[in-house]
Amino acid sequence: MSDTRRRVKLYTLNEDRQWEDRGTGHVSCSYEDTEKETSLTVTAESDGSLLLESKINTSTAYQKQQDTLIVWSEAENYDLALSFQEKVGCDEIWEKICQVQGKDPSVEITQDPIDESEEERFEEMPETAHLVELPPCEPERLEEIAELVTSVLSSPIRREKLALALVSTGYIRKLLQLFRTCEDSEHREGLHHLYEIVRGVLFLNKATLFEVMFSDDCIMDVVGCLEYDPALVQPKRHREFLTKTAKFKEVIPITDSELRQKIHQTYRVQYIQDIILPTPSVFEENFLSTLSSFIFFNKVEIVSMLQEDEKFLTEVFAQLTDEATEDDKRRELVNFFKEFCAFSQTLQPQNRDAFFKTLANLGILPALEIVMGMDDVQVKAAATDIFSYLVEFSPSMVREFVMQEPQQADDDVLLINVVIKQMICDSDPELGGAVQLMGLLRTLIDPENMLAPASKAEKSEFLSFFYKYCMHVLTAPLLANTAEEDQDLSEGSARVNPVCPDNFQTAQLLALILELLTFCVEHHTYHIKNYIMTKDLLRRVLTLMNSKHTFLALCALRFMRRIIGLKDEYYNRYIVKGNLFEPVINALLDNGTRYNLLNSAIIELFEFIKVEDIRSLIAHIVDNFYKALESIEYVQTFKGLKGRYEQEKERQSRGLSRYRRDARSFEEDEDMWLNDDEEEEDVSDTGFEKSKSDYGKFMESEKAKESQDKENQPKRTTTGSFKFTFSHSAAAANASNGSKPPPSSSSSSSKPAAPPSGQTARTGLVGLVDYPDDEDEEEEEDDDEEQSPRKRPRLGS
């Protein structure tokens, strides 16, 4: 149907008393002979489906508001509204409704909303008795008028009759004229009565009254009446704020006078609702529902009018992206777009889609890159809010834009990197902006909202892009704050940790970054695994276990817990090779007998390993750390680990060697992978195929799961994908064997060397606890090495 007269938007009122858009369509009235009834039907414009079929009951109260709205209640707590594109269409349907109910179309409401207690009393009342007799509008009668208005608020039918009387007699304008007289003569008592009267009229909750009260010639006098609250010693200066303090800034001149008037009206009515009137919860439910609807539909109209003015939006964008635009002007333009996007939330879904697509086509995302890079804090905050609207509307649209950028931009100016840097450089001590931006980044990298059915490549392409161009920016603060310093530590020297930041704000930032990385571990299997092992990231993170900020230590522990929770044997081997349980156990022992969250979280980590029977980790823990842990008896976790370990040894001694063969094969495969790491980072595909180990095959299968492209195969470096890190005692042991520990970066030129398994076991204990009889214990361990199955390569470090 092409007739725009019948084109409507259908709204329903939700539990929060907010109007929800149900779609756009065309409305019609149809009469069914079989049912002998007339119904309102709305057919969807997009696909012809039925959006609404509502029987016109003779007892339903329909209201016509603002010339283009028809509102009614279908059932208890289920309100409906039809917003017409044209007034003539609204009038046609209104006449049909009135015809079915036998009412005069000139009325604004077809039924009196009478409660049951009053229904019997008024059902016999003649039509001529529908008006309330109002006192003359004179200063000496103001108290009487105030009492009348206040008295009707508890009765729906009397509220309706009073509203009808006020409109039909032009009483509102008479009251406001009287207000000016009382204010000029400083008649304080009369002004207090007028406050009660105007507030009571607002609580009548009638759109017909609002149209009069919020018109250009009346609204400021309404605000004036509301200044004289009898409870205040001095009246509020709301009019002064609205006329002098609150300035209306036209970033681009608005030529449409109707649009300008609608903007002014909406701002002032919103001010009345939010600032002047008391909190709605103080009063009866729905007392101001029509006021909320009035504001809502005004906003819909404003956005629609602005969106249709292509010349206006084009000019706004031209000035926003023009380098010659002054900072103050650009700040105003950004704030305008923030308000514009906020208003757009009132649009129906298809119109909101068109709205954001229009902004995208005009260049809102490259414009945000410019303004988010400015020094002005207000501009950054407004730009962040706009970016938030765009990400929430369509993460795919934002991802599509950023993936096109590397062709024409440096890494530093990529939109996502600009967002990450703003998160890192947030000057707010509470990091409010950083928290918001972190949430947006999480949305963008969340595979759950990537359009796999529509575009299978989106997930693989975007994640490859993110890890190639953006991940190093995100982790830069973490790597910078966990960088090792060259230390000449003699045996027995105190354990020094120079990396844990004391600054609370820095610790908060690192916690946010760790939260995002933990999310990546859970949702990005191949990419994050490759990154963690290439950068030896877990070891760097675990240095934060020594932070004086417990929340940061817990974030580091949670990161490790998520990795172990995957029960991925390649992660497990990485942890064992790097001796990465040592900082966790150090933290447990340093915590002493304190029963706190850190203690519980560490115990839970080991309990999980025990319950899930992760054998490689159990063997490593018992081999290296059991002497330090066996004194912990307030939980049975560590004794349970030892029990699991001994059960496995017993199985092996009985000839159940399947696990042994698997473990040896696994270690041999990884050694092959490590030996291949001397290849150059940009190794060709052919060379990679020739030297492919089982690890490489596994990583390719991971890529296949995530639809990875061939060009994103793991890169080999001259040093290997990760380095092994031990306690300082272990480092000293390496030095004594002629092996120098590799530097923290993966860019070193020498290949890391793992110490013999026996050394790892001994030095792990030395680094944890300084036993007075360590030498004797080490000798005993040496004697046991030949027979002890824990020293076999499949379980060793």
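Modeller: In this predicted model, helices α15 and α16 run roughly antiparallel to each other, because their axes cross at roughly 150° and angles over 145 degrees fall in that class. Helix α15 comprises residues 364–372 and helix α16 residues 377–393, and the two axes come within 9 Å. The crossing of α15 past α16 is left-handed. On the side of α15, the residues that meet the partner helix are I364, L365, L368, V371 and M372; on the side of α16 they are V379, K380, A383, T384, I386, F387 and L390. Sorted by class, this contact contains 10 nonpolar residues, with 1 polar and 1 charged residue besides.

A second pair may be set beside this one. Helix α5 (residues 171–184) packs against helix α6 (residues 188–202) at an angle of about 155°, the axes lying 10 Å apart. These helices, α5 and α6, are therefore also roughly antiparallel to each other, and their crossing is left-handed. From α5 the contact draws on I172, L175, L178, F179, C182 and E183, and from α6 on L191, L194, I197 and V201. Its composition by class is 9 nonpolar residues, no polar residues and 1 charged residue.

As to confidence, the chain averages a pLDDT of 76, and 73% of the residues score at least 70. Over residues 114–129 the pLDDT is below 50, and this stretch has 10 contacts in the model beyond near neighbours in sequence. Residues 657–667 likewise stay under 50 in pLDDT, with 15 contacts beyond four places in sequence.

Conventions: Residues are numbered from 1 along each chain as its sequence is written. This is a predicted model: local features need pLDDT of at least 70, side-chain atom pairs count only at pLDDT 80 or more; totals for chains, interfaces and linings use all residues. Side-chain values use heavy atoms; hydrogens and water are left out. pLDDT is the predictor's confidence in each residue, from 0 to 100. Contact means heavy atoms within 4.5 Å. Axes are lines fitted to C-alpha atoms, for helices over the stretch in contact, and angles run from 0 to 180 degrees between N-to-C directions. Helices (H or I, at least four residues) and strands (E, at least two) are DSSP runs, numbered from the N terminus. Angles under 35 degrees count as roughly parallel, over 145 as roughly antiparallel, 65 to 115 as roughly perpendicular and the rest as oblique. A crossing is left-handed if the near helix is turned anticlockwise from the far one by less than a right angle, and right-handed if clockwise. Ala, Val, Leu, Ile, Met, Phe, Trp, Tyr, Cys and Pro count as nonpolar, Asp, Glu, Lys and Arg as charged, and the others, Gly among them, as polar.
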